[in-house]
Amino acid sequence: MDRWKGRVALVTGASVGIGAAIVKSLVQHGMKVVGCARNLEQIQNLAAECVRSGFSGTLFPYKCDLSVEDEVLSMFSSIKVQHQGIDVCINNAGLAFPEPLLSGKTSGWRTMMDVNVIALSVCTQEAHHSMKERYIDDGHIININGMCGHRVLHNADVHFYTATKYAALTEGLRQELREAKTHIRATSISPGLVETELTYRLFSQNPEKAAATYKSIKCLQADDIANAVVYVLSAPPHVQIGDIQMRPVEQLT
């Protein structure tokens, strides 16, 4: 990770869970990290925690609603002014609503598409522009996907969410980067069940169901995903890690 010290990373969905764990890990390794989310106060608290811990890098909190394209573009403009640009883009933000295909609300479907697919693609495009205009040829774009991107669970509540994770964006990006003759790399990290706020938000009307899900097996922790991100970034520049699939040992599917 030494080659990343002092360089700039963007982490979306940085306020809690996996995003917060990734942010702390990268700051600990000496990176300048722009952490964005809708809840600015939580990221500011995280930045203060990084300072108290004596980490060698710095966290720069940024308030951004990724479902609003103008806010995303404004964020990248601000990063260009304050930090020249980014070298690592970690698309972590994601939403899940219990909206089945046969009975779900289109508003929920659209919001999941806006954040899980469109916003990820806009951030990817802007990150590539930032790298290209500064002749950065060793940048990295990491998409935090999920095992839902590889199989369909027998659970109607997550079928549309699964569709947003099935979008083959990372491999498509890898192919386009190769065609562009660049050494910028693209990686997908696909965790199984991780003990975060996601399931509680998914089942906000039934918190007991969410709690039971996490108690059923020994789940992955957010730090496990952060460790995978560090592993990916630590790979030699000639190594392309396409997709890491991670499950709790006890997870059946």
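**View 1. Pro191 and its partner in the next strand.** In β7, Pro191 has Met246 as its bridge partner. Strand β7 covers residues 243-246, and four bridges join β7 to β6, the two running parallel. Strands count as paired here if DSSP finds at least two bridges between them. Strands themselves are DSSP runs of E with at least two residues, helices are runs of H or I with at least four residues, and both are numbered from the N terminus. This is a predicted model, where local features need pLDDT of at least 70 and side-chain atom pairs count only at pLDDT 80 or more, while totals for chains, interfaces and linings use all residues. Residues are numbered from 1 along each chain as its sequence is written, and side-chain values use heavy atoms, with hydrogens and water left out.

**View 2. Strand β6, covered on both faces.** Now look at β6 as a whole: seven of the seven residues in 185-191 are buried, so this strand is largely enclosed by the rest of the structure. Buried means under 20% relative accessible area, exposed means over 50%, and partly exposed is in between (1.4 Å probe, protein chains only). One side carries Arg185, Thr187, Ile189 and Pro191, and the other has Ala186, Ser188 and Ser190. β6 also pairs with strand β5 (residues 140-144) in the parallel sense, over five bridges. Within β6, Ile189 is the bridge partner of Ile144.

**View 3. Thr170 and the residues it touches.** Thr170 sits in helix α6, residues 169-179. With 13% relative accessibility, Thr170 counts as buried. Setting aside neighbours within four places in sequence, Thr170 is in contact (heavy atoms within 4.5 Å) with Asn143, Ala186, Thr187, Ser188 and Gly242.

**View 4. An aromatic pair.** Rings of Phe, Tyr and Trp (its six-membered ring) pair if their centres lie within 6.5 Å; planes under 30 degrees apart count as stacked, over 60 as edge-to-face and the rest as tilted. The count comes to one aromatic pair. Trp109 and Phe160 have ring centres 5.3 Å apart and planes at 10°, so the pair is stacked. The pair links distant parts of the chain: Trp109 belongs to helix α4 (residues 106-133) and Phe160 to helix α5 (residues 159-166), 51 residues apart. Phe160 counts as buried, at 13% relative accessibility.
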